[in-house]
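Subject: Structure for your review

Dear colleague,

Please find below the structure that I am handing over to you. My notes on what was found in it follow directly after it.

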Amino acid sequence: MRARVVLVVVALVASSVVTGAASTRSRCAGLVGVLPGAVVTDAALVAASDTEGEHCDVRGLVAPRIRFHLKLPTDYSGRYLQLGCGGFCGELAPPTPRACGTVPGDLAVATTDDGHTGAGDVPSVDASWAGDRQARDDWQFRAPHVVSRTAKDVIARYYGAPPTFSYFSGCSGGGREALLLAQRHPEAFDGIAAGAPAVQLSALIVHQAWLARVTTDPRGNPVLTADRLPGLHAAVLARCDHLDGLTDGQLDDPRACDFDPAALLCPAGGAACLTPAQVEAVRKLYDGPRTPDGQRLHPAGQARGSELAWNRWIVPTAEGALAARLADQYLRHLAHPLGAPHTTLADFRFTAAEFHRLTAEGLRANAMSTDLTAFHRAGGKLLMWHGWGDEAIPAAGLLDYHARLTARYPRGLSDWARVFMVPSLHHCGRGETLTSFDPLPDLIRWTEHGAAPDRITAHGHAPNGTPRSRPVFPYPLRATYDGTGSTDDAANFTPTPPATPPRDAVDWLGAHLHRLPGPVG
């Protein structure tokens with residue numbers, strides 16, 4: 001009799017599981033249909049795999065043409081995470097763990113293509129789609145916000161309630177989107193992680209054009225070649241690696257380094273040295289774009305210590321250099337109002353007049369506003385981060401923005417907005433020593449429990465291959481070795497303030513743009 005009861009119970013449990021699975025599948029498929037301003041075109045339950053749990057996979061469109069992809073996990077925490085996209089976007093990436101943040105499996109996660117499909121081998125560097133106002137608006141500022149509204153609507157329909165907490169995480173162009181949301185839609189997200197943000201977008205395009213111009217001769221041939229980068233990087237480290245108290249293969253703050261590439265000058269340009277033209281090119285890379293009379297056109301130049309990352313971004317491969325491609329595409333298709341004459345990378349002049357011509361469209365996409373009062377009042381938390389070895393977006397540009405935020409909010413800014421500067425990290429990840437940095441778990445704890453992050457651990461390896469971890473403290477605190485144990489163990493470092501307060505705000509031609517808000521869509 002007892003065995004029979006057990007069999008009945010097992011049968012009932014099995015039936016319940018089958019019924020529950022069928023109900024979940026039906027609930028997922030039932031999401032297909034029209035929503036306010038959007039439509040869900042596909043929704044299907046996906047079984048658990050080795051890499052992710054069971055989830056409802058949702059595809060849809062926000063009017064008129066912004067595609068989105070949303071994954072709704074069966075094991076759901078009540079959290080929603082939206083991921084940004086880099087460059088000019090143009091592709092619908094899967095909402096899964098990416099270089100700009102590890103996605104926990106119990107979050108509902110969404111991505112978007114920002115309203116267009118890019119062409120070519122790297123869709124995110126194509127801007128040929130920007131021939132109408134709607135396409136531009138969607139990419140410049142509209143898509144992340146309207147996708148968040150639609151995703152939250154779908155979440156409410158599927159789970160019966162809107163998200164308890166909403167997060168946005170993006171790097172590069174996605175970092176720009178992150179700051180735009182804090183500035184223009186302050187109640188959309190509770191916690192925002194902005195990595196390597198393209199804050200001063202229109203000025204950053206000038207910077208990319210500069211990278212291409214100063215490393216190319218009048219015939220279009222590269223002045224600087226990939227075989228010179230290892231020797232250049234080694235010379236930088238030989239000069240400056242010890243300045244932070246450790247000779248460990250990384251520069252904790254490259255601005256302290258005064259390396260002059262003339263130290264490698266030799267007329268023939270052998271494998272271990274530079275030609276006069278290469279010395280001049282490297283000097284201009286470190287300095288950043290200027291007008292003929294010396295006015296800065298961007299708040300930062302390439303950081304010393306980032307040299308090994310210049311290949312492909314600055315030094316061209318067979319497909320060309322990404323900096324040159326980005327600059328040319330933007331100047332051809334996005335730089336000026338519709339109907340106005342456009343230009344090309346070859347035609348661009350580094351003058352104040354040309355810089356100001358970029359303002360009309362630049363204001364629509366720049367994430368430069370320092371007015372975050374509404375975001376703060378809404379209880380938002382903003383975690384900004386950047387790699388000091390970033391080859392694509394100079395890290396000091398974020399510190400220029402942070403300095404202006406600090407001037408606007410001289411008391412209490414660190415209660416709700418913090419910056420983390422990661423030594424040696426390249427653009428959004430990779431690097432020579434520290435190669436990964438994931439602030440999302442710390443952002444979640446800060447947002448939900450009020451535990452402001454006082455350190456976030458970066459990981460990588462020492463030059464000899466030994467695994468390395470290092471704490472990254474809120475800027476301007478720096479990691480100082482306590483003198484005990486391994487220098488590759490984060491536990492052996494303490495926070496130290498700089499000897500003198502940093503002066504990070506730069507006198508540059510676009511500084512006034514911080515006071516000019518862009519449109520809200």
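How are α2 and α3 oriented to each other? The model, which is a predicted one, gives the axes of helix α2 (residues 133–159) and helix α3 (residues 173–184) a crossing angle of roughly 70°, and these axes come within 10 Å. Angles from 65 to 115 degrees count as roughly perpendicular, and α2 and α3 are therefore roughly perpendicular to each other. On the α2 side, the contact is made by W139, Q140, F141, P144 and H145; on the α3 side, R176, E177, L180, L181 and R184 take part. By residue class, the contact of α2 with α3 comprises five nonpolar, two polar and three charged residues.

Confidence in the model

The chain has a mean pLDDT of 93, with 94% of its residues at 70 or more. Residues 1–18, however, have a pLDDT below 50, and this stretch makes zero contacts in the model beyond near neighbours in sequence. I would ask you to read the remaining notes with these values in mind.

Strand β6 spans residues 108–112 and is mostly covered, five of its five residues being buried. In a regular strand, side chains alternate between the two faces of the sheet. In β6, A108, A110 and T112 point one way, while V109 and T111 point the other way; the residues of both groups are all buried.

β6 pairs with strand β4 (residues 66–73) in the antiparallel sense, over four bridges. With strand β5 (residues 79–83), by contrast, β6 runs parallel, and three bridges join the two. Here Y80 stands opposite A108 of β6.

Three bridges link β11 to strand β12 (residues 456–461) in the antiparallel sense, and F437 stands opposite A458 in β12.

With kind regards

Terms used. Residues are numbered from 1 along each chain as its sequence is written. This is a predicted model: local features need pLDDT of at least 70, side-chain atom pairs count only at pLDDT 80 or more; totals for chains, interfaces and linings use all residues. Side-chain values use heavy atoms; hydrogens and water are left out. Buried means under 20% relative accessible area, exposed over 50%, partly exposed in between (1.4 Å probe, protein chains only). Two strands pair if DSSP finds at least two bridges between them. pLDDT is the predictor's confidence in each residue, from 0 to 100. Contact means heavy atoms within 4.5 Å. Axes are lines fitted to C-alpha atoms, for helices over the stretch in contact, and angles run from 0 to 180 degrees between N-to-C directions. Angles under 35 degrees count as roughly parallel, over 145 as roughly antiparallel, 65 to 115 as roughly perpendicular and the rest as oblique. Ala, Val, Leu, Ile, Met, Phe, Trp, Tyr, Cys and Pro count as nonpolar, Asp, Glu, Lys and Arg as charged, and the others, Gly among them, as polar.
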